[in-house]
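Keep the picture open as you read.

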Amino acid sequence: MTYVDGFVAAVPTANREQYIKHARDAWPVFKDYGALKMVECWGDDVPDGEVTSFPMAVKCRADETVVFSWLVWPSREVRNDAMPRIMEDPRLEPDKNPMPFDGKRLIYGGFDVVLDE
């Protein structure tokens, strides 16, 4: 069964095109290390909650948009082997591919796929 890394971030709305370029530039790196798929989604209908919500979780400001994304890997083992090498890959150095959002508010986690219909 595949393995998924999921991400939620608050991106300045003005940085939409910069964010898309950042993701497009990062995809070949992830693919080279074994990722099967990358999906990036720009928030369109992401309401504030009363107790919790995507915007609350990433402390989304009025001038930001919530982004939801995921990477699909063949297995957790492939992902675990790839991540240290990805973080050292010169193609992802901050001066070459700066993050167009506040990485301190990025939420991420790894998930076992239990149903894929």
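## Helix α3

Let's start with α3, which has 13 residues and reaches 19 Å from its first C-alpha to its last, close to the 18 Å expected at 1.5 Å a residue. That expected span is 1.5 Å times one less than the number of residues in the helix. Helices (H or I, at least four residues) and strands (E, at least two) are DSSP runs, numbered from the N terminus.

There is a bend of about 30° at A82, and a proline, P84, follows within four residues. The bend at a residue is the angle between axes fitted to the seven residues ending there and the seven starting there. Buried in α3 are R79, A82, M83 and I86, and what covers them includes β1, α1, β3 and β4. Here, buried means under 20% relative accessible area, exposed over 50%, and partly exposed in between (1.4 Å probe, protein chains only).

## About the model

This is a predicted model, where local features need pLDDT of at least 70 and side-chain atom pairs count only at pLDDT 80 or more, while totals for chains, interfaces and linings use all residues. Residues are numbered from 1 along each chain as its sequence is written, and side-chain values use heavy atoms, with hydrogens and water left out.

## Helix α1 and H22

Now for α1, residues 16–32: at 1.5 Å a residue its 17 residues should span 24 Å, and its end C-alpha atoms are 25 Å apart, which agrees. A kink of about 25° lies at A26, shortly before the proline P28. Y19, H22, A23, A26, V29 and F30 are the buried residues to look for in α1. They pack against β1 (3–12), β2 (37–42), β3 (64–73) and α3 (76–88). Just past the end of α1, G34 has a positive phi of about 115°.

Is H22 buried or exposed? H22 counts as buried because its relative accessibility is 14%. Leaving aside its neighbours within four places in sequence, H22 is in contact (heavy atoms within 4.5 Å) with N97, P98, M99 and P100. H22 and E93 are 71 residues apart in sequence, yet 12 Å apart in space, C-alpha to C-alpha.

## The largest pocket

How much space lies in the largest pocket? It's about 700 Å³. Of the 28 residues lining it, F7, F30, M87, M99 and L106 are the closest to its centre. On a 1 Å grid over the protein atoms alone, a pocket is an open set of points where a 1.4 Å probe fits, with protein on both sides within 12 Å along at least five of seven lines; lining residues have an atom within 4 Å of a point.

β1, α1, β2, β3, α3 and β4 (107–112) each supply at least two residues of this lining, and α1 gives the most, with 5 residues. The lining of the largest pocket divides into 20 nonpolar, 5 polar and 3 charged residues.

M56 sits in helix α2, residues 54–57. At 37% relative accessibility, M56 counts as partly exposed. Beyond its neighbours within four places in sequence, M56 is in contact with G49, E50 and V51.

K59 is in the loop between α2 and β3. With a relative accessible area of 63%, K59 is exposed. Its phi is near 50°, a positive value in a residue other than glycine. Most residues other than glycine have a negative phi.

Methods
Points joined across faces, edges and corners; volume = space filled by probe spheres on them. Nonpolar A, V, L, I, M, F, W, Y, C, P; charged D, E, K, R; others polar.
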